[in-house]
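Student: I have a model open and would like to talk it through before I set anything up. Can we start with the overall fold and then go to single residues?
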Amino acid sequence: MSKIREQISLAILIVIYLLASVRYFPGRAMQSIVETLIHMLSVAPINLGATLVIVAVLQRLVKERLPFFRTLRLFLVVAICLEFILGLAHFFEMNGAA
């Protein structure tokens, strides 16, 4: 039962990450898709680097390896936090506030 819960929560995190990564341009669907893909590919190394640093620190603290799914979950949480901040910046840029 706990294995199913872990998989469901991981799937929910993936969906939230994908929704947070979307860069929407009203009336221009193709540009929205292209900009979303470019954005995801350009931000992924930052997320990966931050996750590796956090995982390294956690492994030093607990003196054992983290399981892959826990590392993946940590990557998604870091990515969602960063995407939220970048999404706000994109929104304000599109509305002329920045």
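Tutor: Helices here are DSSP runs of H or I with at least four residues, and they are numbered from the N terminus. With that in hand, the chain of this predicted model reads α-α-α along the sequence.

Student: How many helices and strands is that?
Tutor: The chain has three helices and zero strands.

Student: And what are the overall dimensions, say along the principal axes?
Tutor: The C-alpha trace spans about 50 × 30 × 20 Å along those axes. The radius of gyration of the chain is 16 Å, whereas a compact globule of 98 residues would come out near 13 Å.

Student: What share of the residues is buried?
Tutor: Of the 98 residues, 22% count as buried. The accessible surface comes to about 7,200 Å², and carbon and sulfur atoms account for 74% of that area.

Student: Which residues form the largest nonpolar core?
Tutor: That core has eight residues, namely Leu10, Leu13, Tyr17, Met40, Phe75, Leu76, Ala79 and Ile80. The elements that supply two or more of its residues are helix H1 (2–21) and helix H3 (68–94), and H3 gives the largest share, with four residues.

Student: What does Met40 touch, if I skip its neighbours within four places in sequence?
Tutor: With those neighbours set aside, Met40 is in contact with Tyr17, Leu18 and Ser21.

Student: Let's look at Ser21 then. Buried or exposed?
Tutor: Ser21 lies in helix H1 and counts as buried because its relative accessible area is 0%, where the cut-off for buried is under 20%. Not counting residues up to four places away in sequence, Ser21 touches Thr36, His39, Met40 and Glu83.

Student: Switching to Leu61, where is that, and is it buried or exposed?
Tutor: Leu61 is in helix H2, which covers residues 29–62. Leu61 has a relative accessibility of 65% and therefore counts as exposed, as the cut-off for that class is over 50%.

Student: How far apart are Leu61 and Leu13, in sequence and in space?
Tutor: They are separated by 48 residues in sequence and, C-alpha to C-alpha, by 25 Å in space.

Student: What about contacts across the whole chain, for residues 24 or more positions apart?
Tutor: Among contacts with a separation of 6 or more, such residue pairs account for 64%.

Student: Last topic, charges: how many positive and negative side chains are there?
Tutor: The chain carries 9 positive and 5 negative side chains, and the centres of the two sets lie 10 Å apart.

Note on methods: Residues numbered from 1 in each chain as written. Predicted model: local features only at pLDDT ≥ 70, side-chain atom pairs only at ≥ 80, totals over all residues. Heavy atoms only, no water. Core = buried A, V, L, I, M, F, W, Y, C linked by side-chain atoms within 4.5 Å. Buried < 20%, exposed > 50% of the residue type's maximum accessible area, 1.4 Å probe, protein only. Contact = heavy atoms within 4.5 Å. Rg over C-alpha atoms; globule rule 2.2 N^0.38 Å. Areas by Shrake-Rupley, 256 points an atom, 1.4 Å probe, with all protein chains shown as cover. Lys, Arg positive; Asp, Glu negative; His and termini not counted. Charge placed at Lys NZ, Arg CZ, Asp CG, Glu CD.
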